[in-house]
Amino acid sequence: MGKVLSIYVGKVRGIEKTRVDSVKIIEGWGLEGDAHGGGWDRQVSISPIEALEQVPADKKGEVLQGGFSENFVISGIPLEDLAVNKILKIGEARIKIIYIGKEELKEHGRNYIVSREGRFGKVVRGGRVNNGDDVQLVTEQ
């Protein structure tokens, strides 16, 4: 079982997100107040802290200094288990992983790792998520 390490919401796309202690997740939409919410398949972004091990030594400082672009930073679930079509229970919500990484790899800042190892998905069940909540793989939506 994993844990939510931090939560971020951004009111405008393309800028650093703001850290929050708790957020409402809306089924079929995403995080309340987040610019990436909507009727598409990248409603929520998740960054497993374990993915930082994939960052080359010469990029690590830059990645750690970059502003947060993901909604959730989680820990405790192996990367190979966070596969496409898996469902994560994060707090009260359920997120179905649709993509790993992005079509275009980024070479600088935090987006370096998010574009390669970030998980992106759709909200299949809404609910509240708080910092420190459990994260686990589930079979039901």
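**From charges to single residues**

Student: How far apart are the mean positions of the positive and negative charges of the protein chain?

Tutor: The model is a predicted one. The protein chain carries 21 positive and 21 negative charges.

Student: What radius of gyration does the protein chain have, and what would a compact globule have?

Tutor: The C-alpha trace spans about 40 × 30 × 30 Å along its principal axes. For 141 residues, a compact globule would have a radius of gyration near 14 Å. The protein chain agrees with this, at 14 Å.

Student: What percentage of the residues is buried?

Tutor: A residue counts as buried if its relative accessible area is under 20%. The protein chain exposes about 6900 Å², of which carbon and sulfur atoms supply 49%. Of the 141 residues, the buried share is 45%.

Student: Which pattern of helices and strands does the chain follow along the sequence?

Tutor: The protein chain has two helices and 11 strands. In sequence order, these give the pattern β-β-β-β-β-α-β-β-β-α-β-β-β.

Student: Which strands stand at the edges of the open sheet of three strands?

Tutor: This open sheet has the order S4-S3-S10, and its pairing is antiparallel. An edge strand has a single partner strand, so one side of it is left without a neighbour in the sheet. The strands in this position are S4 (30-31) and S10 (127-130).

Student: Is Gln136 buried, partly exposed or exposed?

Tutor: Gln136 belongs to strand S11, which covers residues 134-138. Buried means under 20% relative accessible area and exposed means over 50%. Because the relative accessibility of Gln136 is 27%, this residue counts as partly exposed.

Student: Which residues does Gln136 touch, not counting those up to four places away in sequence?

Tutor: In the protein chain, residues 24 or more positions apart account for 69% of the contacts with a separation of 6 or more. Gln136 and Gly76 are 60 residues apart along the chain, yet their C-alpha atoms are separated by 9.0 Å. With residues up to four places away left out, Gln136 touches Met1, Ile77, Ile87, Leu88 and Lys89.

Conventions:
Residues numbered from 1 in each chain as written. Predicted model: local features only at pLDDT ≥ 70, side-chain atom pairs only at ≥ 80, totals over all residues. Heavy atoms only, no water. Helix = DSSP H or I, 4+ residues; strand = E, 2+ residues; numbered from the N terminus. Rg over C-alpha atoms; globule rule 2.2 N^0.38 Å. Buried < 20%, exposed > 50% of the residue type's maximum accessible area, 1.4 Å probe, protein only. Contact = heavy atoms within 4.5 Å. Areas by Shrake-Rupley, 256 points an atom, 1.4 Å probe, with all protein chains shown as cover. Lys, Arg positive; Asp, Glu negative; His and termini not counted. Charge placed at Lys NZ, Arg CZ, Asp CG, Glu CD. Pairing = 2+ DSSP bridges.
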